[in-house]
Amino acid sequence: MPEKIFTIPINEAFDVLDGCPLCRMREKLEEQTLESALGAAMMEPAIRIEMNREGFCSPHLLAMHRKKNKLALGLILESRLDELAGLLGEPARGKKGLFGKKDDKGDAAETLTAQAKSCYACKRIRNTEVRYCSNTAWLWDSDEAFRGKLTRQPYFCLTHAAMLLRVAKEELKEKSYASLYAAVTGQLRDALTRLRQDVTGFTVSFDHRNADKPLTEAERSSLERATKMLR
Ligand SMILES: [Zn+2]
Ligand SMILES: [Zn+2]
């Protein structure tokens, strides 16, 4: 049984028919996460430790920089920069030993590689998205009206189709998973086929023999729609 608080925004997102419903939820979640990171969350010592340890990916750091609260970002960065500087140890020394490993105690090459990939916001968002998927699967299993809403969606983007099916595979009984699988992959197949036709309409418009033929709106927007569907 999922937390009720999550089924309400899911139902609201699935009431709208415009692209991927889980992308709409993610956009809101991303905004809330970044707002909170620069507000209440940065005052919580435990969360601050997490921010210092995880850091922020480039798109999220840029998004935070575009927001108003520069003092909060400055304070977050101060302790994050200290944390990073503290990770820089001695380089790995010596020849490869018996087990083919250098003595890399203190060497930061691997740590920095992990640090360059980690992000406090991405991690939080992903954890909540997985819960959204879990509750979407639960609603599919238990609420007939919701099944209708999901079936009417134009498609799930690649990331959310994958996430939803993976979670549902773990959590639903075989029959319920099979019906959700058919719905999601059916929508995606139809959406990819339509998109393929529109992209082709767009590319052939560059042929001089089609110079007089105007593009349809669907063809004109096809590349942009692809960036949303294939995210
Ligand atoms: Zn999506
Ligand atoms: Zn991020």
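I'll start with one residue: Ile-49 is exposed, because 12 other C-beta atoms lie within 10 Å. The cut-offs are 20 or more other C-beta atoms within 10 Å for buried, 12 or fewer for exposed, and partly exposed in between, with C-beta atoms placed from the backbone. Ile-49 sits in helix H4, residues 45-54. From Ile-49 to Arg-196 there are 147 residues in sequence and 46 Å in space, C-alpha to C-alpha.

This is a predicted model, where local features need pLDDT of at least 70, side-chain atom pairs count only at pLDDT 80 or more, and totals for chains, interfaces and linings use all residues. Residues are numbered from 1 along each chain as its sequence is written, while chains are lettered from A and ligands numbered from 1 in the order in which they are written.

On confidence: pLDDT is the predictor's confidence in each residue, from 0 to 100. The average for the protein is 93, and 94% of the residues score at least 70. Helix H1, residues 4-15, has the lowest mean, 86, and H10 the highest, 98.

Now the overall picture. The protein has 13 helices and zero strands; helices (H or I, at least four residues) and strands (E, at least two) are DSSP runs, numbered from the N terminus. Of the 231 residues, 20% are buried.

Next, one helix pair. The axes of H10 (residues 158-171) and H11 (residues 174-204) come within 10 Å and cross at roughly 170°. H10 is therefore roughly antiparallel to H11; the cut-offs are under 35 degrees for roughly parallel, over 145 for roughly antiparallel, 65 to 115 for roughly perpendicular, and oblique for the rest. Axes here are lines fitted to C-alpha atoms, for helices over the stretch in contact, with angles from 0 to 180 degrees between N-to-C directions. H10 contributes Ala-161, Leu-164, Leu-165, Ala-168 and Lys-169 to the contact, and H11 contributes Tyr-177, Leu-180, Tyr-181, Val-184 and Leu-188. Contact means C-beta atoms, placed from the backbone, within 7 Å.

Last, Leu-215, in the loop between H11 and helix H12 (217-220). Leu-215 counts as partly exposed because it has 15 C-beta neighbours inside 10 Å. Beyond its neighbours within four places in sequence, Leu-215 contacts Gly-201, Phe-202, Ser-205 and Arg-220. Ser-205 is ten residues away in sequence and 7.2 Å away in space, C-alpha to C-alpha.

Conventions. Two residues are in contact if their C-beta atoms, placed from the backbone, lie within 7 Å.
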